[in-house]
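Thank you all for making time for this.

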Amino acid sequence: MTVANQQQLIYSEFGNDEDLGELVEMFVDEIPNRVQSMLDAAETSNWEELGRVAHQMKGAAGSYGFGEVTAIAAVLENACRESAPAESIQRGLQDLVSMCLRMRAGTPD
């Protein structure tokens, strides 16, 4: 991983919390499955399902200390609920997937 990519990693505000750190790690470990669920829904243009998963991500990300992800998930959720053009939904999905793939447990070293 390059230095530029490392600077873009997203860490939970609870990353060094002894009580919550393990929960954050479990949440981050589930991210690939959540991302795949979103991609599967988008592949079949199932905007309702995509909006549901984005809604779940919005709440969970905030609960686990990833506030910046919450805002991006909300944009995608709203685009799906408002039946935005597919291009707009796809752009929101790309933004959210990009953020999700940069989420990390722990703290930057």
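I will begin with how the model should be read and then turn to the fold.

What we have here is a predicted model, in which local features need pLDDT of at least 70 and side-chain atom pairs count only at pLDDT 80 or more, while totals for chains, interfaces and linings use all residues. Residues are numbered from 1 along each chain as its sequence is written, and side-chain values use heavy atoms, with hydrogens and water left out.

The protein has five helices and two strands, where helices (H or I, at least four residues) and strands (E, at least two) are DSSP runs numbered from the N terminus. Read from the N terminus, the order of the elements is α-β-α-α-α-α-β. The radius of gyration is 14 Å, close to the 13 Å that the globule rule gives for 109 residues, so the protein is as compact as a globular protein of that length; that radius is taken over C-alpha atoms, and the rule is 2.2 Å times the number of residues to the power 0.38. Along the principal axes, the C-alpha atoms fill a box of roughly 40 × 30 × 20 Å.

As for burial, 34% of the 109 residues are buried, meaning under 20% relative accessible area, with exposed being over 50% and partly exposed in between (1.4 Å probe, protein chains only). Of the contacts with a separation of 6 or more, 68% are between residues 24 or more positions apart, a contact being heavy atoms within 4.5 Å.

Now to the charged side chains.

Lysine 58 pairs with glutamate 77, with the closest N and O atoms 2.7 Å apart. Because lysine 58 lies in helix 3 (residues 47-63) and glutamate 77 in helix 4 (residues 67-81), this pair ties together parts that are 19 residues apart in sequence. Glutamate 77 counts as buried, at 2% relative accessibility, whereas lysine 58 is partly exposed at 24%. Glutamate 77 also forms a salt bridge with arginine 81, at 2.9 Å between the closest N and O atoms. Through shared partners, Lys58, Glu77 and Arg81 are joined into one network.

Finally, the surface patch. Leu20, Leu23 and Met26 form a nonpolar patch with about 230 Å² of accessible area together. Patches here are made of residues with over 30% relative accessible area and no salt bridge, like charges being joined within 9 Å and nonpolar side chains (Val, Leu, Ile, Met, Phe, Trp, Tyr) within 5 Å. Leucine 20 sits in the loop between strand 1 (10-11) and helix 2 (21-43), and is partly exposed at 31%.

Terms used
Areas by Shrake-Rupley, 256 points an atom, 1.4 Å probe, with all protein chains shown as cover. Salt bridge = Lys/Arg side-chain N within 4 Å of Asp/Glu carboxyl O.
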